[in-house]
Amino acid sequence: MWTRKAAFTFTGGIALVLIGMMISNQQMMILGLSLVAFIVVNSWISGHGDVEVQRTLSADNLYKGDDLYVELLVTNRSNRKTQMLDIYDNIPHEMKLRSGLNQMQLNLKPGESARIRYVLRCPLRGHYSIGPVSLRARNTFNLGVEDMYVDHHSDIVIFPQIKDIEEAFLRSRTPKMYTGATTLRTPGQGSEFYSLREYVPGDPFKNINWKAFARTGELMVNEKCRDAVTDLYLILDSRDLARIGTVLKNPLEMGTVSAASLAAFFLKRRDSVALAIYDEKLSYLPPDTGDKQYFKILSALAGVTPKGTMPLQAVTNSLSGRFSRGSPVFVISSCEGDGTVPAAVRDLVGRGHEVTVLSPSSVDFERLVSRIPRMSYEVLKLERQNRLTTLAGSGAQVIDWMPDMDLSQALMQVRGY
Amino acid sequence: MAGEVGLQSDVLMEGTARPRTLHLKNLRRQWQILCLQIVATIALITMYVQVVQTYVVGSIDHTILFDSIELLISDQLPLGDWLTGEGRDGLSRFFVPMVMGLGLGGIMAFIAFQSPKVQQRIKLGFIIGLIVLLVGRLLLSWFAGMLFEFNLRLPDESELETLQWPLLMILSLIILFIYLLPVIMGTRGIWGLSRRSIAWAIGFTLLFLGIHAILTFPLIKGQLGSYGGVLATLESQTSDPTIGLFGLNLVTKEQFDLILIAVLIMVFQEASYGVIRNLEYAFRLPESCKRDPEYVRQMDNVLNTHLRHTFFFLGLTGLATMVALGFHKVLLTVVSDTTGSQWAGQVSESIELTLTYGLVISALLFLSIMAVLRFFIPWQRVIGLIQSRGVKDDTKPAINDFTQL
């Protein structure tokens, strides 16, 4: 396709020839003919996009906020030069270039390769695809341009960020408090004796076995069996209301981070974790342990988008039968726009579950993007406080999670497990 | 963009070796860039000389204008004859002014790379110098006169006469500046990386050619009377061609000069704009890419291609124009040689053929055939065959090394 420059040159050339003919001026005619000849001669050679593209990623799965290293190897498969070729690797608009550049201007000889390397920052979780590779072949003098693309994609999953949760905040208050709990023969926080071992600096003094010390002359400490809680149920609210706030800070984003962090924490302790996500429909991942479950949970959380208006009671009605008796349940929801939350929580508590409601404060998220009059804000906060008080009255432990509050800081409000 | 060059720092890796990077400071010293700039400068000078030789010298050149002014004021102009070229013959009248123009353009390009503060100081100094040159002597003699005579008065005639010399000097400089505008702006554009200056140089040249063409149009020229008589006119009817290829005479000397002007304008434009385009691309690259050897290698490829294509395609353009202009003769020679009929001889003597219509129609016919030929002759494959023969397989193994990033 002709560029604007080529079109102007050609039109100018023809115009000069015509004017030259009109006023019988050789110089104008010759100048015009030269411009036309320039276009004609340059039309003989054009660039091409016969290139092979190979993209290498530093990882297929990443955590939100991590850097992704991308290398694009472009090889000219033709037996002639590419001429001026602009290569542009299409990246999702959610990702930001941290270093390098996802484009290059090149002219590859036959068989020659060029490597484009760049680093992307992934600030948002989700399932993404890098590609296709756009090519623009240009003439040296920018007279002709041809746009092409190589349909080469690389898929990547950005998991939600995992925050550190201190063991102290989620320690079991009562050993084997739930029916069917298994004793894990692994050392950890607990009450049952596991074994004796040599003292290492940093061990608490209260764990030193003084009798063994008296007997052997060496400092020995008691190790305990870790108390396991078997199944843990995470219920994440992904309704349309959960998008309130900014792209990076909204109840859903905070919810996914907390769900991922809690799942990571409990799975690391070899507990079973189940995940239920409700939006316009209910997605349920049955309880399981291990790395595979961890990957499944993170993948499910990566793909969560706010939509739908399913009430919590519908979720609990559907799932409560499947919940292990007495197992703890985490409800991660802003509790806005759903009148069934108190009833659902009451129902869960009534069934003997230890319910914790982790509630990101949607009023404060809304305040991040729009100016709410002070009086309205106070009223909304009061309404929310009443709602949370009602939930606490139902027997649940309620955490009011403010936008600027860290997860571990929020969890300090409850010391139930 | 020129102002930004000074702000960029060069990069030194460990050791004494200076790596090749795409920082403008390095890139501006790269041989391909220098070569393109030199080609553009040579094209500019040659184009200017050709235009001046064809249209200006002996008819409307600056020395004639200076002579007229000197006759009008009955005095010599302040600028020396050695500088203006007065008293010399032909093109030699332009040698010293051209050197001055190149020098001035170079200085302007140099100033463009200084910091805004220095640029402002230079501009201020120039304006103050101009004011001092213009009214300095007048003010000095007038104030001194008033001081010694203890008399508050207006400047007298002898004091006002001191204005004559600077006014004439500035007038002479302005006249020279207008004559040398393409050279000055062109040099500034090439070496100062200014698109606007290049556009000025080309635009002024084309404007001059356009105005000259209109003024030499017989109807208008007749209206101009004796003034129009001095304008150099190109004959619309061509004489027998003397310059050609493979024994075929295609164009006359006059036509060849005109083709040369057209091709040189294009060489100047493409070489100078090419430099700016590539430097702009390098300038916009992030720091990590400027140090990346891949980007450096590809920049080399692009520049080498640009350099080759500037010579090859623009040379070919000149040849194609030559053949196009002589195509009617080629056609007639072919017809005459193959058929041996009288028709070719009769047609070749036809005045319509050698006049503009026949010439242009046959030229455009040739160019159309050339344009269509690309669909029948696989130029791309032919070129690919040549290119693939000379290329070694230098594909490097893929290494995932992101340390540079």
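**Helices, contact and strands**

Me: At what angle do α10 (residues 181–192) of chain B and α11(B) cross?
Reply: This is a predicted model. The axes of helix α10(B) and helix α11(B) come within 7 Å. Their crossing angle is roughly 150 degrees.

Me: Are α10(B) and α11(B) roughly parallel or roughly antiparallel?
Reply: Angles over 145 degrees count as roughly antiparallel. The two axes cross at roughly 150 degrees. Therefore α10(B) and α11(B) are roughly antiparallel.

Me: How many residues of the contact of α10(B) with α11(B) are nonpolar?
Reply: The α10(B) side includes Leu181(B), Pro182(B) and Met185(B). The α11(B) side includes Trp200(B) and Phe204(B). By class, 5 residues of this contact are polar and 1 is charged. The nonpolar residues number 7.

Me: How far apart are the axes of α14(B) and α16(B)?
Reply: Two packed helices are described by the angle between their axes and the distance between the axes. For α14(B) and α16(B), the angle is about 160 degrees. That makes α14(B) roughly antiparallel to α16(B). The distance between their axes is 10 Å.

Me: Is the crossing of α14(B) past α16(B) left-handed or right-handed?
Reply: α10(B) passes α11(B) in a left-handed crossing. For α14(B) past α16(B), the crossing is right-handed.

Me: How many charged residues are in the contact of α14(B) with α16(B)?
Reply: From α14(B) come, among them, Ile259(B), Val263(B) and Glu270(B). From α16(B) come, among them, Leu303(B), His306(B) and Thr310(B). The contact has 12 nonpolar and 8 polar residues. Its charged count is 1.

Me: Which helix gives the largest share of the side of chain B that touches chain A?
Reply: The contact takes 52 residues from chain A and 56 residues from chain B. Among the helices that each supply at least two residues of the chain B side are α11, α14 and α16. The largest share is 14 residues, and the helix is α16(B).

Me: How many nonpolar residues has the side of chain B that touches chain A?
Reply: This side has 6 charged residues and 17 polar ones. Its nonpolar residues number 33.

Me: Which residue of β11(A) is the bridge partner of Asn61(A)?
Reply: Strand β2 (residues 61–63) of chain A runs parallel to strand β11 (residues 154–159) of chain A. They are joined by 3 bridges. In β11(A), the bridge partner of Asn61(A) is Val157(A).

Me: Which residue of β11(A) stands opposite Tyr128(A)?
Reply: Strand β8 (residues 126–130) of chain A pairs with β11(A) over 5 bridges. The pairing is antiparallel. Opposite Tyr128(A) stands Ile156(A).

Me: Which are the edge strands of the open sheet of 6 strands in chain A?
Reply: The strand order is β17-β16-β15-β18-β19-β20, with mixed pairing. An edge strand here pairs on one side only. The edge strands of chain A are β17 (282–288) and β20 (397–401).

Me: Which residue in β19(A) stands opposite Phe330(A)?
Reply: Strand β18 (residues 329–332) of chain A and strand β19 (residues 355–360) of chain A run parallel. They share 4 bridges. Opposite Phe330(A) stands Thr356(A).

Me: At what angle does α5 of chain A run to β17(A)?
Reply: Helix α5 (residues 290–302) of chain A lies across β16 and β17 of that chain. To β17(A), α5 runs at about 165 degrees.

Definitions and conventions:
Residues numbered from 1 in each chain as written. Chains lettered and ligands numbered in written order. Predicted model: local features only at pLDDT ≥ 70, side-chain atom pairs only at ≥ 80, totals over all residues. Contact = placed C-beta atoms within 7 Å. Nonpolar A, V, L, I, M, F, W, Y, C, P; charged D, E, K, R; others polar. Axes fitted to C-alpha atoms, helices over the stretch in contact; angles between N-to-C directions. Parallel < 35°, antiparallel > 145°, perpendicular 65-115°, else oblique. Left-handed = near helix turned anticlockwise from the far one by under 90°. Pairing = 2+ DSSP bridges.
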